Each structure stands twice: as C-alpha cells, then as structure tokens.
Amino acid sequence: MERTKTHAMRHITQFFLGLSLLLFCRCKEPPSDLEQLQFELKRQISEIDGEVAVAFYDLATTETLLINAESEYHAASTMKVPVMIELFAQADEGRISLKDSILLQNRFKSIVDGSPYSMDVNEDSDDVVYDRLGTKMTLYDLICPMITVSSNLATNILIQEVGAKKVTARMRKLGATDMEVLRGVEDQKAYDRGLNNTTTAKDLMKVMKAIAEHNAVSADASREMVKILKEQFFNDMIPLYLPKDVEVAHKTGFITGVHHDAAIVYLPNGHAYVLVLLSKNLGDFEMGTQQLARLSRKVYDHAVKKSEP
C-alpha cells in the first residue's frame with residue numbers, strides 16, 4: 001500500500017515538474033515584435049506627466065495595438081474629422097453640394113438653452129474666415145480651414161449646416177460606438193455643464209481607418225479627405241520625428257492640458273498605418289508633446305521593419 005502511494009506521488013510530482021518546465025520554457029520565448037513595441041511604448045508613457053492613450057492599426061498586416069484605448073477623452077479639435085465625413089457623406093447622398101455657398105455669420109446657439117454666443121478671433125487659430133464674415137463661401141472652402149488650420153469659426157458654421165446629431169449617428173455606422181459630437185466649439189454654457197465632444201483612441205482609429213480604406217464615404221470622397229488631411233498645418237506630434245518623405249494625413253486637437261493627433265501614415269514604399277495618440281492632464285504641455293512625438297517615431301520604426309521584404 002505504501003509503495004502504491006509513493007508511486008502515485010512520484011507521478012504527480014513529475015506531472016507538476018513537467019508543467020512548471022513547460023511554463024518556464026514558454027516564459028522564456030522571446031516576445032513578438034508587436035509585444036516588444038507595446039512594452040517600449042508603455043515604458044515611454046510611464047515617463048509622461050499625464051494620461052495617454054494609443055491606438056495603432058497596420059493597414060497592410062492588420063496588426064493592432066491598443067493602450068488605454070477605450071478611455072474617454074475630450075475630443076478637442078479631432079471632432080472636426082467626423083464633421084468633415086458627414087459633409088462628404090451628405091454630398092454623396094445628394095442632400096447638399098460642397099459647391100453650395102453659405103453666408104458667413106458669427107452667431108451660434110448654445111445647446112443648453114439656445115442663448116446666442118459668438119467666436120473670438122483672438123481665441124481661434126484662423127483669421128481668414130473671420131475676414132470673410134458677411135460674405136459667402138462654399139462648404140468645401142470651409143472644410144479646408146476647419147481641418148488644415150483648425151478654424152473654430154468654420155467648424156461651427158459647418159456643424160450648424162449638417163447637425164451634430166447626424167455627425168454622431170454617422171460615426172455609429174462606422175463602428176465608433178463611444179464617440180460623441182454634441183456641439184460646436186466654444187459653447188461655454190455647455191462646457192460648464194460637462195456637455196463636451198468626447199472620443200476614445202479606439203474610436204478615432206476606426207474613423208481614420210475607414211477613411212484610409214475608403215469605407216468612410218465613397219472612394220473618391222475618401223481620397224479627397226485624405227488630400228485635405230495631408231495639408232495639416234500643425235505638425236508637432238505624429239509627423240515631428242518622421243523622415244520628410246513620409247506623408248501624414250492627420251488632425252490634431254489641443255486645449256489646456258490636452259494634446260491629440262490622429263493620423264494615417266504613408267511610407268514611401270506604399271505601406272500605411274493608422275496611429276492615434278491622445279493625452280490629458282499634461283503637467284508640461286511642451287515636454288508632453290515632445291514625448292508623444294517620440295512615441296510616434298517608435299511606432300514608425302516598427303512599421304518600417306514590418307514593411308521590409
């Protein structure tokens with residue numbers, strides 16, 4: 001009886017030793033390139049004084065990397081990309097024409113109580129549209145400054161034209177389930193009540209991916225949106241440390257303590273990927289921006305390695 005127990009215990013011991021050895025060997029397997037990238041990004045993020053979210057999607061390999069990608073962030077000016085998509089979509093559906101002209105007025109209604117407010121040119125990043133107040137511009141000619149120089153005045157005029165609820169509904173069709181476009185810019189009463197445009201890195205990734213894959217609207221419309229996004233004036237994050245021959249179609253956004261960038265990055269060899277970097281509560285805005293730009297370079301190095309034959 002004692003020998004039987006001893007024999008059984010030996011088998012159990014051997015089983016657990018074998019299992020431990022298997023687990024040890026598996027732990028010793030070298031990490032994949034994507035796992036190594038994630039490790040290095042998390043290490044760099046830990047050095048940033050603030051909260052950061054990352055979403056990466058390789059359009060050729062379908063590799064996906066998400067870090068804090070479902071956390072909610074104030075969308076800042078990244079919400080102007082959904083507005084652009086809705087405008088192109090309504091044009092494709094024949095509901096509007098981007099060649100239509102609209103009278104430029106600096107008068108908007110708060111979503112809280114309908115009270116009027118206006119934009120301050122000194123708080124905006126564009127003065128061209130302000131110089132045209134009282135005259136007409138085409139919808140297309142307003143889309144360009146909304147994206148390239150992030151004109152808040154152009155944005156509010158265009159949101160009034162297409163409707164914020166319709167913008168959000170369009171994003172739902174693209175799979176952006178948590179993105180909310182509630183209002184135009186500088187609606188102080190709404191801001192004070194926490195009624196803000198919000199997004200996640202994952203949702204912005206889905207939106208930029210849809211544009212890149214020509215699924216956001218028609219192929220022609222998607223190509224035109226990429227063309228506009230490539231004319232972005234603010235290039236101090238995702239493109240900053242990338243080689244000059246790399247094309248970046250992107251939209252930035254920033255308010256106090258917040259700095260975002262959402263991009264489609266095109267390598268010279270035709271390889272492309274989507275990268276979204278979101279941040280909030282930045283202790284040092286300039287330093288944080290530099291650190292985020294270095295995250296972009298790390299992703300670029302990974303994508304280049306993957307794109308090599």
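Visitor: Which residue in β11 stands opposite A263?
Guide: L275 in β11 stands opposite A263. Strands here are DSSP runs of E with at least two residues, helices are runs of H or I with at least four, and both are numbered from the N terminus.

Visitor: Before we go on, what kind of model is this?
Guide: It's a predicted model, where local features need pLDDT of at least 70 and side-chain atom pairs count only at pLDDT 80 or more, while totals for chains, interfaces and linings use all residues. Residues are numbered from 1 along each chain as its sequence is written, and side-chain values use heavy atoms, leaving out hydrogens and water.

Visitor: Okay, back to β11. How many bridges join it to β10?
Guide: Six bridges join β10 (residues 258–266) to β11 (residues 272–280), and the two run antiparallel. Two strands count as paired if DSSP finds at least two bridges between them. I264 has V274 as its bridge partner in β11.

Visitor: And what's in the hairpin of those two?
Guide: Five residues sit between the strands, and G270 takes a positive phi near 95° there.

Visitor: How many bridges does β11 share with β1?
Guide: Eight, again in the antiparallel sense, with β1 covering residues 51–58. A53 stands opposite L278 in β11.

Visitor: Is β11 mostly covered or mostly open?
Guide: Mostly covered: eight of its nine residues are buried. Buried means under 20% relative accessible area, exposed means over 50%, and partly exposed is in between, using a 1.4 Å probe and protein chains only.

Visitor: What's up with T62?
Guide: T62 isn't a glycine, yet its phi is positive, about 70°. You'll find T62 in the loop between β1 and β2, and at 47% relative accessible area T62 is partly exposed.

Visitor: Where is S150, and is it buried or exposed?
Guide: S150 is in the loop between α5 and α6 (152–162). S150 is buried, with a relative accessible area of 7%, and its phi is positive too, near 60°.

Visitor: Switching to helices: at what angle do α5 and α10 pack?
Guide: About 50°, with the axes of α5 (residues 139–148) and α10 (residues 219–229) 9 Å apart. That makes α5 oblique to α10. Axes are lines fitted to C-alpha atoms, for helices over the stretch in contact, and angles run from 0 to 180 degrees between N-to-C directions. Under 35 degrees is roughly parallel, over 145 roughly antiparallel, 65 to 115 roughly perpendicular, and the rest oblique.

Visitor: Which residues meet there?
Guide: Y140, I143, C144, I147 and T148 in α5 meet E224, I228 and L229 in α10. Contact means heavy atoms within 4.5 Å.

Visitor: What about α9, how many of its residues are buried?
Guide: Nine of the twelve, so α9 is largely enclosed by the rest of the structure. Among the buried ones are L204, M205, V207 and M208. After α9 comes H214, with a positive phi near 60°.

Visitor: What does V207 touch?
Guide: V81, I85, M171, A176 and M179, leaving aside residues up to four places away in sequence. V207 counts as buried at 0% relative accessibility.
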